[in-house]
Amino acid sequence: SPADITKADLDAATAKLTSVSLLTGSIVELHLYDIYGSSLSSNLPSPARITIAYTDANNDDIVDGTSAQAVSLRLFSLDTGALTWNQIAYSILDNGANTVYADVPHFSFYALGSVTSAAGTIADVFAYPNPYKPGSSGVFGASVYGEGVVFESLPAGSKVRIYSQAGGLVRELTDSDGDGRCL
């Protein structure tokens, strides 16, 4: 029973998803209220961390009751005007805690989704952690894949070339396994 939109609109937005399955029961609607109980719709003064848990009782990296692999999980936010779910590019999987989290600038509808096709188009490509701070601990120095920058949602057969400021090739990465990801 969503408060900001109708259930039919929520269902319509979910029906538009392609290559993504929202996990059953993972949709949350968050609101911010002032001390008088009035709803506030502006951006938060600083980002808030949204964390959604998933179950994996036997630690096989498959979400219980689904065929979704834990590494395919991302947070999504609902654009209530366009009625579309948008992937939060900087969501982070915490396998140890069985959660996915992201720092968001406002409250809205959020859900946990499994990206069934990692490969995308050039417009879908993103990199994280962003910003990247080599050697730092926490979300700016590493991802669930380890230290370094991850390039995600790459088209099949993609190559990523990293250049120095002087124009010299520093490193070339190839998505050789077709999962849409280079590390």
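Me: How do the residues of the lining of the largest cavity divide into nonpolar, polar and charged?
Reply: Before that, a word on the model: it is predicted, so residues are numbered from 1 along each chain as its sequence is written, local features need pLDDT of at least 70, side-chain atom pairs count only at pLDDT 80 or more, and totals for chains, interfaces and linings use all residues. Side-chain values use heavy atoms, with hydrogens and water left out. A cavity is a set of points on a 1 Å grid over the protein atoms alone where a 1.4 Å probe fits but cannot get out, and lining residues have an atom within 4 Å of a point. Counting Ala, Val, Leu, Ile, Met, Phe, Trp, Tyr, Cys and Pro as nonpolar, Asp, Glu, Lys and Arg as charged, and the others, Gly among them, as polar, the lining divides into 7 nonpolar, 2 polar and 1 charged.

Me: How much space lies in the largest cavity?
Reply: The structure holds 1 cavity of 30 Å³ or more. Grid points are joined across faces, edges and corners, and the volume is the space filled by probe spheres set on the points. That space comes to about 80 Å³.

Me: Which elements give two or more residues to the lining of the largest cavity?
Reply: Of the 10 lining residues, the closest to the centre of the largest cavity are R74, S91, I92, L93 and Y128. Strands here are DSSP runs (E, at least two residues), numbered from the N terminus. The elements that give two or more residues to this lining are β6 and β8.

Me: Is R74 buried or exposed?
Reply: R74 sits in strand β6, residues 73–79. Buried means under 20% relative accessible area, exposed over 50%, and partly exposed in between (1.4 Å probe, protein chains only). R74 has a relative accessible area of 7%, so the word for R74 is buried.

Me: Which side chain makes a polar contact with the side chain of R74?
Reply: Contact means heavy atoms within 4.5 Å, and R74 touches several residues beyond four places away in sequence, among them Q87, S91 and R181. At 3.0 Å, the partner is the side chain of E152.

Me: How many bridges join β6 to β10?
Reply: Two strands pair if DSSP finds at least two bridges between them. β6 and β7 run antiparallel with 4 bridges, and S77 stands opposite N86 in β7. β10 (residues 109–115) also runs antiparallel to β6, and the bridges joining them number 5.

Me: What is the phi of L83?
Reply: Most residues other than glycine have a negative phi. L83 is in the loop between β6 and β7, and the hairpin of these strands has 4 residues between them. L83 is not a glycine, yet its phi is positive, at about 55°.

Me: In what order do the 3 strands form an open sheet?
Reply: The edge strands are β11 (126–128) and β17 (181–182), each pairing on one side only. β11 pairs with β14 (residues 150–152) in the antiparallel sense over 3 bridges, with Y128 opposite V150. The order is β11-β14-β17.

Note on methods: Polar contact = N/O pair within 3.5 Å; in protein donor to acceptor, adjacent residues only side chain to side chain. 1 Å grid on protein atoms, 1.4 Å probe; cavity = no way out; pocket = protein on both sides within 12 Å on 5 of 7 lines; lining within 4 Å.
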